[in-house]
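Reader: I have a two-chain model open and I'd like to learn how to read it. Could you take me through it feature by feature?

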Amino acid sequence: MAIVRAQGLGKTYRVADKQPGLAGTLRHFLNRRERTIKAVQDVSFAIEPGEFVGFLGANGAGKTTTLKMLTGLIHPTSGTVEVAGAIPHRREADFLGRITLVMGQKQQLIWDLPPLDSLRVNAAVYGIPEAESRRRIAELADMLELGDELRRPVRKLSLGQRMKAELLAALLHRPAVLFLDEPTLGLDVNAQARVRSFLADYNRRFGATVLLTSHYMADITALCPRVLLIHEGQLFYDGTLEMLTQRLAPCREVRLELHQPLGAEAFAGYGEVEAIEGRQVRLLIPRERLTEQVGRLLADLAVVDLSVSDPPIEDIIGRLFRQGALA
Amino acid sequence: MGRYLTTLRVFWIASLTAELEYKANFLIELVATAGNLVGSVFVLSLFYGGGRSLGGWSWEAALVVLGVYTLLEGVTTTLLQPNLSTIVAHVRTGSLDFVLLKPIDSQFWLSARTFSPWGLPGIGLGAGLIIYAAWKAGASPDPRTVAIAGLMLIASLLILYSLWFVLAATSIWFVKIWNATEVLRSVLVAGRFPVSAFPAGLRAFFTFVVPVAFLTTVPAEAILGRASGAWLLAGLAVAAGSIAASRWFWRFALRFYTSASS
């Protein structure tokens with residue numbers, strides 16, 4: 001039984017179509033033009049309890065809009081959503097107590113007070129008894145490696161400490177479904193890694209369902225066996241990360257170690273040269289010709305070692321987002 | 001209901017903790033409020049110089065109106081201003097999302113989240129002035145009068161709150177709304193005087209458009225034990241109506257809320 005289910009989900013916005021400058025403003029004032037933007041169109045998927053799903057897409061692809069429909073912050077224009085057995089935009093107390101939303105660039109902690117005060121507020125709002133909330137804070141603080149930071153005013157914490165405290169505040173009510181929108185945004189590599197291992201740990205320990213968006217592919221590769229890829233408002237892919245790589249990367253990377261160095265022209269007939277460093281060569285060869293070309297390489301050249309791998313997922317997704325186009 | 005009371009307690013303890021970082025504020029606010037009050041009493045005394053009266057109100061009775069006004073100003077500083085100004089910030093930064101995702105009434109959260117002790121001197125001075133002036137005016141402190149007076153003060157607070165809340169809620173569309181609440185605050189200054197002191201046109205405006213009459217004049221009449229049943233009922237009806245309107249308006253506004261894009 002799926003815990004998150006979207007069926008034909010769509011959201012259109014009407015925005016003012018305005019030219020820049022004063023003249024544009026005046027023209028807009030006299031003759032108001034609006035245009036409809038389809039932020040999300042016909043998106044369907046289902047997530048089972050306990051799954052850790054990555055949600056990928058370029059900026060403006062419709063990720064945040066989808067997350068907002070899933071959490072009930074905005075009404076879908078079309079289609080249906082069901083999360084934790086409820087219709088999100090009704091925002092029933094029971095539903096709100098079972099989900100959480102963490103946004104990397106927005107914060108809920110009270111700026112001038114230590115996180116503990118914000119946690120106290122959340123405990124009261126979610127109706128968590130005092131002893132229980134103390135127990136949970138201790139447990140989560142332990143998992144997040146937070147200690148004294150909880151007693152220092154939020155404004156004096158580093159970005160990484162603040163994000164960890166935000167996570168604690170967002171998880172105090174033990175939600176069954178976590179929507180995480182760029183939770184590692186702006187963090188340094190170490191802090192990212194700690195947040196990542198915490199999320200994996202949390203997912204395992206409490207069997208929570210997680211939908212994670214991130215621009216850092218390392219987050220996705222480390223945490224998400226399954227990814228959803230949204231492009232221009234439409235669901236482009238739903239499956240394992242591995243299959244996505246195959247689908248998006250028509251080439252595989254062949255690494256060669258040669259007996260002696262050769263120039264780039266020597267590989268012209270085999271594939272696209274990525275790099276040559278002395279006796280080390282990296283080639284990109286289309287999947288359908290891989291076997292044939294590897295056979296020829298081994299027969300024609302003095303090869304010491306050969307390995308075949310997929311290009312790094314970062315490169316693939318990065319290229320995809322940069323080009324903004326999908327094959 | 002119990003959860004709301006607990007939440008309110010935690011809300012206010014948290015905001016008191018934050019505010020008490022600046023202890024000197026209390027003294028400054030006390031001096032400022034007292035200064036304001038002295039100024040208002042002086043202006044009022046000018047009207048009464050030479051044995052004139054203001055709209056049929058005696059000097060002491062008019063002081064009751066001023067007392068009610070000072071009390072309302074204190075409540076505004078304590079609760080309305082700090083809470084409702086944050087609605088604007090929530091809309092601008094998109095942190096309203098967090099409020100909407102809490103399993104608690106969002107209007108309650110937004111209206112009661114902060115408690116600023118700096119309005120307490122105003123509340124104290126206002127209450128003191130009311131008691132003193134009512135005693136001077138010869139009002140009888142029998143339980144019935146006190147009960148009715150209390151009820152009308154609550155009604156007036158609810159009306160004031162609704163006006164503020166509706167105005168603050170329009171920030172969902174206009175975002176930069178804060179100047180408008182300053183305009184509201186200036187209009188409400190009219191509440192320092194009995195509404196009958198104004199010309200007929202303004203009197204109608206302050207009764208039917210911006211219900212200033214129900215904010216100070218009607219409670220003052222109730223405190224002096226001379227409010228007519230019709231006015232009392234009208235005051236309660238306006239209070240109930242404005243609270244209902246503010247709730248309806250908030251739900252209506254939320255339908256337009258799509259939160260600041262991220």
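Author: Let's begin with burial: a residue is buried if 20 or more other C-beta atoms lie within 10 Å of its own, exposed if 12 or fewer, and partly exposed in between, with C-beta atoms placed from the backbone. A:Glu182 has 20 C-beta neighbours inside 10 Å, so it counts as buried.

Reader: Before we go on, what kind of model is this, and how do the labels work?

Author: It's a predicted model: local features need pLDDT of at least 70, side-chain atom pairs count only at pLDDT 80 or more, and totals for chains, interfaces and linings use all residues. Residues are numbered from 1 along each chain as its sequence is written, while chains are lettered from A and ligands numbered from 1 in the order in which they are written.

Reader: Where is A:Glu182 found?

Author: Helices (H or I, at least four residues) and strands (E, at least two) are DSSP runs, numbered from the N terminus. A:Glu182 lies in the loop between β6 (177–181) and α7 (189–206) of chain A. Its phi is positive, about 55°, although the residue is not a glycine.

Reader: What should I see at A:Glu232?

Author: A positive phi again, about 50°, and A:Glu232 is not a glycine either. That residue sits in the loop between β8 (226–231) and β9 (234–240) of chain A. With 17 other C-beta atoms within 10 Å, A:Glu232 is partly exposed.

Reader: Which residues does A:Tyr237 touch, beyond its sequence neighbours?

Author: For contacts, the test is whether two C-beta atoms, placed from the backbone, lie within 7 Å. Leaving out residues up to four places away in sequence, A:Tyr237 touches A:Leu229, A:Leu244 and A:Arg247. A:Tyr237 belongs to strand β9 of chain A, and it counts as partly exposed because it has 17 C-beta neighbours inside 10 Å. From A:Tyr237 to A:Arg247 is ten residues in sequence and 9.4 Å in space, C-alpha to C-alpha.

Reader: Zooming out, how is chain A divided?

Author: Domain bounds come from an automatic or database domain assignment. Here that gives domain 1 (4–245) and domain 2 (250–309) of chain A, with 43 Å between their centres, taken over C-alpha atoms. The chain has eleven helices and 13 strands, and its C-alpha trace spans about 75 × 60 × 45 Å along the principal axes. Of its 327 residues, 37% are buried. Among chain A contacts with a separation of 6 or more, 70% join residues 24 or more positions apart.

Reader: How many helices and strands does chain B have?

Author: Twelve helices and zero strands. Of the 262 residues in chain B, 40% count as buried. Take its contacts with a separation of 6 or more, and 80% are between residues 24 or more positions apart.

Reader: How do I judge the radius of gyration of chain B?

Author: It's taken over C-alpha atoms, and the globule rule is 2.2 Å times the number of residues to the power 0.38. For 262 residues, a compact globule would come out near 18 Å; chain B has 19 Å, which agrees. The C-alpha atoms of chain B fill a box of roughly 65 × 40 × 35 Å along the principal axes.

Reader: Last one: how many residues of chain B are in contact with chain A?

Author: There are 21, in contact with 24 residues of chain A. The elements giving two or more residues to that side of chain B are α1 (2–19) and α4 (96–100) of chain B. Its largest share, eight residues, comes from α1(B).
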